[in-house]
Structures are given as structure tokens and as C-alpha cells.
Amino acid sequence: MSEDLTMQITLDGVAMSVPAMATGFEVFTDRAIVAQRVNGELRDLAHRLASGDEVEGVLISSPDGLNILRHSTAHVLAQAVQSINPEAKLGIGPPITDGFYYDFDVAEAFTPEDLKAISKAMDRIIRSGQRFVRRVTTEADASVELSNEPYKLELIGLKGSDLGEGSVEVGAGELSIYDNVDPQDSSTVWRDLCRGPHLPNTRMIGNGFALTRVAAAYWRGSEKNKQLQRIYGTAWPSKDELRAYQTRIEEAAKRDHRRLGAELDLFSFPEEIGSGLAVFHPKGGAIRKVMEDYSRAEHERAGYEFVYSPHITKSSLFETSGHLAWYAEGMFPPLQLDEERDESGVVRKQGQDYYLKPMNCPFHNLIFKSQARSYRDLPLRLFEFGTVYRYEKSGVLHGLTRARGFTQDDAHLYVTPENMESELTDVLDFVLGLLRDYGLTDFYLELSTRDASNAKFVGDDEIWQTATETLERVAVASGLQLVPDPGGAAFYGPKISVQARDAIGRTWQMSTIQLDFNLPIRFDLEYTAADGTKQRPVMIHRALFGSIERFFGVLTEHYAGHFPPWLAPVQVVGIPVSDEFSPYLHDLAKQLRAKGVRIQVDDSDDRMQKKIRNHTLQKVPFQLIAGGEDRDASAVSFRYRDGTQDNGVPLNEAIERILTAIETKVQV
RNA sequence: GCCGACCUGGCGCAAUUGGCAGCGCACCGCACUUGUAAUGCGGGGGUUAGGGGUUCAAGUCCCCUGGUCGGCUCCA
């Protein structure tokens with residue numbers, strides 16, 4: 001065996017000898033391997049290996065493999081679009097979670113019919129088995145070749161600048177173009193500026209893809225740029241996996257709080273009131289009341305004092321706080337009171353602007369300032385369910401999770417620098433404990449810090465550093481995963497936010513704990529220290545739910561409407577086998593109601609089966625069925641939401657079981 | 001805010017090329033009195049989101065406003 005004909009590589013950690021000049025095609029026999037990782041870099045299978053390379057196969061089902069599949073599918077989409085409309089100009093087309101998109105500059109927006117035609121054209125391209133062939137080019141050559149693609153030219157011009165690591169078109173290294181080569185006559189039928197890698201062949205995309213929707217998106221993500229038409233798609237290694245994904249999406253849609261809100265009669269957004277403004281119906285109100293009552297009780301135990309403040313205020317308050325200077329466009333326009341003059345033109349009453357409050361903190365600051373404060377008063381913890389109004393752009397509204405009017409479970413803690421750390425520790429502990437009580441148990445923390453090079457942040461370096469270090473210590477001490485968010489701090493101070501994962505793994509930003517060095521200055525807050533000097537308190541803003549509405553929406557989706565008994569609007573429903581047994585259940589209901597249980601007896605004309613169906617659909621935790629057998633035994637039969645039953649449970653035991661479930665906040 | 005799609009009894013949907021607004025559930029009434037996911041019969045309910053226009057004729061075509069949905073941008 002000649003030295004020239006073989007070379008040594010390391011394949012999946014094992015040294016081996018392969019033919020000199022071998023590519024991934026020779027090294028990997030498994031057809032599920034669609035690319036290779038060579039010395040840490042993702043490469044096409046066609047990439048020629050060199051002696052000493054460390055090589056790993058990339059399975060199509062691996063995260064990298066799925067990205068490659070999706071990115072290749074995006075190329076096929078773009079080719080299909082241009083085959084139908086040669087005038088379409090290409091934007092970018094990266095893989096994203098579960099799929100891909102491609103942006104196009106076209107004269108007319110795509111219609112659902114277009115999507116069908118494009119999808120068919122993609123099928124043809126996929127079946128024709130085009131090869132993806134990488135070709136290295138230069139900026140000059142690429143500029144000529146892509147002279148018809150203005151957006152690609154712009155990307156070439158930006159190469160190496162601010163595109164960042166995420167770009168799939170151009171990277172820091174060499175510039176490359178991928179040709180789609182027809183296997184019949186080896187002609188290049190399409191090309192795209194791209195870093196790659198790609199599947200060897202379009203055929204590998206198979207039938208596990210689908211185009212999902214069309215939307216507009218600003219070129220390079222800036223509102224100032226032109227809007228392009230974006231086509232979204234999803235792609236999977238097989239049709240079965242595609243179907244599984246589609247089923248997952250449907251299941252997620254079923255727990256959409258907007259849908260459940262209507263189905264379970266929890267809340268609505270009447271058009272007559274206005275966009276983003278909800279009303280809670282009795283059942284939604286019952287849940288919300290429990291949430292609020294429990295929250296109040298816990299805050300009371302934790303040493304918070306309850307305050308109330310009005311919904312509107314004169315503009316001067318928000319001038320002091322700075323909101324009008326910075327966030328006026330996020331606020332509803334003012335109620336303008338005209339000035340009044342008497343006959344001689346003398347101002348009798350000055351004109352005045354009143355604003356709906358977008359935040360509660362300025363009001364709480366005024367409460368702090370209402371008297372001279374001593375260090376002995378601190379920490380002062382002011383809590384309010386404060387309803388605020390923010391003029392969210394119409395396009396961002398989303399049910400209860402993004403509304404224009406909502407109620408924050410807001411508190412402001414005024415602390416001395418000395419007790420900042422212990423107070424933060426207590427707050428984080430309190431927040432996490434309360435979230436757990438509501439059934440969210442899987443958290444991580446995000447620490448948002450200052451970008452020192454950005455001048456927007458107020459306060460001196462020393463206090464920022466102390467505060468950031470304190471927050472970090474507190475976060476680390478919690479034992480939770482801590483994700484840094486550099487530059488994500490508010491201009492007035494760093495913050496910790498609690499991210500919670502719900503039942504289907506989505507993460508929601510829940511509570512935030514923010515330090516504020518700015519408002520105490522703007523409001524000239526001070527307290528008298530032990531040595532008699534005036535000192536500036538540190539202010540901590542914190543909300544657990546963020547907003548009650550939003551938390552309500554998150555919980556609805558987390559539980560998919562199957563609220564645990566303590567939160568369920570109707571906790572128990574009594575279903576008599578026939579009318580004869582209604583009084584028996586009403587008697588039981590009376591006892592439970594006396595214990596504060598939300599129970600109804602369904603003595604409607606419907607037959608039992610129908611009632612069971614109705615209350616199951618309404619997701620009532622406990623259905624108590626009673627007929628002759630139960631009454632004779634002084635018992636009742638349980639039916640749970642999942643259809644399981646427990647018949648002949650003695651009455652006192654039944655009562656105990658229900659009360660315990662409510663008391664312990666368990667799910668059933 | 002931008003782009004696109006959409007808005008028909010409380011809810012989910014139907015209505016040919018512009019040609020009598022309909023169905024299911026829910027609701028009301030009557031009968032039935034039933035053991036674990038829809039009993040039967042009968043009845044009421046819509047100015048087709050609101051306004052304007054084209055037309056002999058508009059749910060359907062055009063314009064404006066409001067609202068919803070999907071994205072983009074934004075989210076103190």
C-alpha cells in the first residue's frame with residue numbers, strides 16, 4: 001500500500017486510514033448522514049478531507065442535520081419561487097426553530113394559491129434530485145454574477161461587518177455560492193449566495209416539508225427598510241415527523257388562552273370597549289379572584305403594606321418621573337382640560353393635561369415622600385394591584401398576554417444600601433415560592449446588566465457594580481440556572497427576571513426584580529440614617545405575575561384550561577342520576593359551600609350522560625354522581641376529568657377529599 | 001405602526017357566475033326520569049362588524065372606519 005493512496009483521519013474519535021483525497025461520501029456509508037463536521041466545522045459531504053482531519057458524521061435527525069435540511073429546503077423554496085416568478089428578488093433564507101423561511105421582494109404579496117403552486121414546484125425540484133454544489137468565489141465575481149439580486153449584493157458589501165455569526169449567506173471566511181445542478185445534464189439550474197453546508201441532493205428533502213404561512217418582514221429587521229414577503233415553512237426528515245409536528249402545533253393551539261377563554265367563558269375583548277381591553281366573565285373572575293386573594297394573603301405575610309393610587313394623574317408627575325420625555329408614545333394621549341378665563345380674559349383656571357398611568361412607581365414614590373423617612377422605616381414595601389394603561393401598537397396585541405390595560409401586582413421596595421442584599425434574597429425567594437404555588441416549577445433566571453459603553457445608563461459606576469454583583473450573588477444563591485443578558489438592563493438599573501417553563505416547554509418571562517437608582521434621584525427620595533445624615537434609598541421594582549391578565553393567560557395555557565381545584569372556577573359539580581337524587585346532592589352541596597367550595601348541582605333537564613359531557617368539556621375537576629346506590633350507602637361517586645371514576649365514596653370522605661385537594665393546591 | 005388574510009344568530013360554520021340568509025351546538029317550551037362524553041319533538045333568534053358606493057338586485061364587487069388572526073418592528 002503506497003503512502004500516496006491513503007491518509008489518516010480520526011473518524012468519530014477513532015483513528016483510521018482512508019483513501020487520499022477522500023470526501024465524506026467515501027467515509028460515511030450511513031445514508032442518514034447528510035453532512036460532516038471536520039475539525040469542528042460543518043462541511044458538505046463533498047468536502048475533500050485532508051490528512052489528520054478529525055471527522056464526525058452529521059445525522060439528518062441531529063440539530064445540525066435538521067438545520068441543514070431546513071436550510072436546503074429554503075433554497076428549494078427560493079428556486080421554486082423564482083421559477084414561477086423570475087422577477088422575485090431574493091432576501092435571506094435561514095433555518096429557524098422547526099423550519100425555515102425565505103424573504104422575497106415581489107410586486108404582489110403571495111396568496112394561498114401561490115403557496116400551493118410553489119409547493120408543487122418544490123416537489124418537482126426535490127424529485128429531480130438536484131445536487132447542491134459548493135463553489136468558492138470572490139466578492140468581485142459574486143457581485144457580477146449576482147448583479148440581478150440587489151439584496152445579495154448588499155450582503156456581499158456587508159461581509160464581515162455587522163451581520164454577525166447568525167448569517168447563513170456570508171460568513172467571516174471565504175465567500176461561496178451553492179449551485180443547484182441537474183443530474184440529467186449537469187447544468188446549473190439555480191444558485192444562491194450561501195455559506196452552507198447543504199444536503200448532497202434535493203431528493204433527501206423528501207416529503208416531510210410544508211409551507212406554513214406568508215408574512216411581511218422588514219429587510220434586515222429594520223422598520224426603516226422595505227418590507228419583503230416572507231414565506232415560512234417547516235421541514236422534517238420524514239412525513240411522519242412532519243405530521244407529528246403538525247399535531248403538536250394543533251395541540252398547542254388547543255391550549256391557546258384566547259380560545260379557552262371563549263370556550264370556558266372566562267373573559268372576552270368586546271369590540272365596543274376597544275382593542276386590548278378585556279372584561280372578565282364570572283368564571284374568569286372566580287379564578288382571578290382566587291389568584292388575587294392568595295397573592296394578597298402572601299404579601300401580607302411577607303411584610304408588604306397595601307396602597308392604592310388613581311388611574312390618572314396630571315402630566316407633571318410623569319414629567320418628574322421622566323416617562324413623558326422617554327415613553328410618551330407608549331402612553332395613551334392626554335385628557336386635555338382647557339383653561340378657563342373670565343369675561344376680562346383673566347385665567348380663572350389653568351389648562352391641564354391628565355394621563356392614564358402606564359406605571360405605578362411614581363405614585364408610590366409620592367407615598368414614600370409623604371413624610372420624613374427614617375432608616376428605621378426601611379425596608380418600606382408598598383404593594384398595589386395597580387391597573388395601568390399602555391398604548392401598545394395595534395399589531396402587537398395578543399389576548400391577555402399583551403394588552404393595553406392590565407393590572408400589575410406591583411410593589412416598590414425602598415431599602416438602604418446595607419439591606420439591599422438581604423431584601424433581594426427575600427424577594428427572589430418570595431417570588432419563586434409564589435410561582436410554585438401557582439403550579440409553575442421549572443425556572444431559570446436572567447441577569448440583565450449594563451453595557452458600559454452605552455451612555456444611556458444612568459447612575460455612577462460604583463453603584464452599578466455593587467448592584468450588579470449583589471443581584472448576581474442573590475441569583476447564584478438561588479441555585480437556579482443563571483443566563484446572562486448583557487446590555488439588557490433598564491437604563492435605571494440592572495434586573496433579574498424569572499423565566500418559567502410551562503407544561504409544554506415554552507418559556508415565559510414572569511417576574512422581574514429591578515433595581516432603580518434613577519427614580520430616587522428624580523423624586524429626591526431620602527431618609528435619615530442612623531448618623532443623622534440624609535441618604536438616598538435604593539428602589540426595587542418587582543412584579544410576580546408581571547400582570548395579572550398575562551399570568552392568567554399563561555396559567556390557562558400551562559394547564560390547558562384544566563385548572564387545579566383551588567383555582568377552578570367551578571370546583572365541583574353534582575350530577576344526579578335522575579331528578580330524584582337532586583335534593584341529596586343539594587344537601588351535600590350546602591355542606592361544601594359552607595366550607596367555601598365552589599359547587600353547583602346540575603339539575604337541568606339534560607340526561608346524565610349529557611351532563612357528564614358538558615362538565616367534562618368545561619373541565620370541572622370533580623364530578624360527583626349520585627343515584628340510588630350512592631344514596632343508600634350515604635356515598636357519592638367521583639368522576640374525574642380524565643374519565644376515571646371512584647364509586648361509592650362515603651360522604652364525609654368525599655368532602656374531606658375535595659377540601660384537601662383545594663387546601664393543598666394539588667392538581668387532580 | 002407596517003404587510004397580508006379575515007369578520008354571517010351566543011359559539012362553530014354554509015350560502016353556484018351578484019338572484020328568497022341556512023345548518024349544528026347553545027337558548028326557550030313540551031314530553032321523557034334515565035348509573036358514567038350528546039333523549040326526542042317543537043319554537044324563538046341575524047339590518048351578514050359599522051358607514052358609504054356600484055347595480056334592477058350586494059353576505060358576495062369597490063372605498064373608509066372598527067375589530068380579529070399570522071408575521072415584522074416594538075415591549076419602559
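What distance lies between a polar side-chain atom of Arg258 and a phosphate oxygen of RNA strand B?

Tutor: The distance is 2.7 Å. That is a polar contact, here a pair of N or O atoms within 3.5 Å; within protein, one atom must be able to donate a hydrogen and the other to accept it, and residues adjacent in sequence count only if both atoms are side-chain atoms. This is a predicted model, where local features need pLDDT of at least 70 and side-chain atom pairs pLDDT 80 or more, while totals for chains, interfaces and linings use all residues. Side-chain values use heavy atoms, without hydrogens or water; residues are numbered from 1 along each chain as its sequence is written, and chains are lettered from A and ligands numbered from 1 in written order.

Now the bases. The side chain of Arg402 has an N or O atom 2.8 Å from a base oxygen of RNA strand B.

Next, the whole surface. RNA strand B is surrounded by 49 residues, each with a heavy atom within 4 Å of the strand. The closest are Arg213, Tyr218, Gln227, Arg613 and Glu629. Of the RNA atoms within 4 Å of the protein, 50% belong to sugar and phosphate.

Several elements supply at least two residues each, among them β12 (209-218), β13 (227-235) and β36 (645-650). Helices (H or I, at least four residues) and strands (E, at least two) are DSSP runs, numbered from the N terminus. The most comes from α17, with 7 residues.
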